[in-house]
Amino acid sequence: STDIERGGRGKMDAQYLQENVGPALTAGLASVAAVQPDDPVDYLAHWLLKYLAVQEKKAKAGEAQEQIKKEKEAAEAADAAKATAKEERFFKLKKALEEVAATTSFKQMYDVMVKTAREQSSSDNVYLMLLEQTPPPEGQEEDPEPEQEPVEPPPEPEEGEEPLPVPEPEKLEPWLPKFTTLRVVTANEENKWMVGKTVQSPAYGKQTVSYQTVHSKELTFLPNVMVSEPPITFFDMPMPGSFAAQPVLKGEDEKYKAGGVLGLLCVDTVGGDSAATLTDEDKELLLEMGRVAGSTFERLMAEKKARKAAEDEVVAKLMEALVIPEEQEVAEEDEVDALEGKLAACDTALIGEVKKVFKDQTPPQPVGEYGRSLSELSEWEGTPSGRVAAMLYALVQEEPSCTPEDLEGKIQGFDIKTIKEETLAAAAAALNPEGADPVTKETEGLEFPAQLCMALMEAINLLKDTSLKIQKIRQEEEDARIAEEEAKKKEEEEAAAAAAAEAAPAE
């Protein structure tokens, strides 16, 4: 067994030498044979040392090349990752901006802006503030709002000529009232508590970065709020972090050019991780959001204007139709039956038409995003439209706390034939309380359902006298019938008593 072990070990030693020494030794011996030096052993020794140095140099060169290759691959991978991230960010931003641009109401636009900024920025705190005019403090006055210069009307056309168009007055630069407030109208979920919080304009006594942004109409971007001027405080406390505010600008309207400030989209990292800082990507996001919000606001305003024009057309046509037909006009000689026939015909033609528009245009609950409804009436308190709503409740003898469905039932069931003077007086008092500025069908700013209420009142006013006259005549007829019956009954009773007395035997 010892011989076997030695034989195996010998083979392993030979293999080791062949793999690790053989190549160098073979090349060295070949060089000795080729050169045939005087001292071949010394030559071989030096040759092997040089061979070792060359091999080490080659190994280092290989390692360097490998390192260069690795670094190049890493750089290419990093560039590819950056490009992918940039592309992904681009498409995410594009999709987010498309969501903002596709919104169909102002509230939806505000909510989508906040949601998008929260999802795509480095901030945990995102909120939108709208600019609102507010009353000046006691003893101070607001600057007067500028007025457009009147334009000269075109000259009268000559006979046979088309009239020239009336020139539009020149639009004014956007006006910013002195006394305003920035009010938070929406915020991300973690900051809903901020909704309703306000920042006052400098006219109230304090300059703020928010109002600097309002006046500059440009993005405010502060990576470190601790070095801002004026200093930024959050609820009167200085706190570290970043802050940015992007103005949301209005488009032009009938009076002003584009560029008025609607509000501010704000993001900050205050109150969370103090190491978090807003980045250039956040700046790009806010600038793009401001741009898209401005164009979206302009579109929504145009759509709102178109809806208002359509509603105004409905009201105008309805009011125009509220005329008693000539054949249904009441004459002095009309008997009560004729009066009732005319009233019934006018009730169908006038009040019936108003009821139909109410049913089609203002159901109890809104249909679609812009649908008008009777449920709006509860939101008008303190406005001229609110007084119209109070008139309607009095007219149909319903409480303001009733459901929109019950109110619709009362409107559709309203009967002009039974209207009472007391009801009309209560409705008139609700519409125009003593000492208040009168509200009429011409009052500016009435909500669409309120204008329909005024149309209903208009129709009622056209027919109320006829209805009250018929009720009076019928009441007089009823009173006469009852009096006749009572007289007849009394006469019969007296006759019966007389007959009984005559038939009674004499004592």
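Let's start at Leu395: setting aside neighbours within four places in sequence, Leu395 is in contact (heavy atoms within 4.5 Å) with Phe414, Ile419, Thr423, Leu424, Ala427, Leu456, Met457 and Ile460. This is a predicted model, in which local features need pLDDT of at least 70 and side-chain atom pairs count only at pLDDT 80 or more, while totals for chains, interfaces and linings use all residues. Residues are numbered from 1 along each chain as its sequence is written, and side-chain values use heavy atoms, leaving out hydrogens and water.

Leu395 also belongs to the largest nonpolar core, which has 48 residues; Val388, Leu395, Leu407 and Ile460 have the most contacts inside it. Such a core is a set of buried Ala, Val, Leu, Ile, Met, Phe, Trp, Tyr and Cys residues joined through side-chain atoms within 4.5 Å. Buried means under 20% relative accessible area, exposed over 50%, and partly exposed in between, with a 1.4 Å probe and protein chains only. The largest share of this core, 13 residues, comes from α11. Helices here are DSSP runs of H or I with at least four residues, strands runs of E with at least two, numbered from the N terminus. A second, separate core of 26 residues includes Phe221, Leu262, Val267 and Val292.

Now for the aromatic rings. Rings of Phe, Tyr and Trp (its six-membered ring) pair if their centres lie within 6.5 Å; planes under 30 degrees apart count as stacked, over 60 as edge-to-face and the rest as tilted. The count comes to 3 aromatic pairs. Trp47 and Tyr51 are stacked, because their centres are 5.3 Å apart and their planes at 20°.
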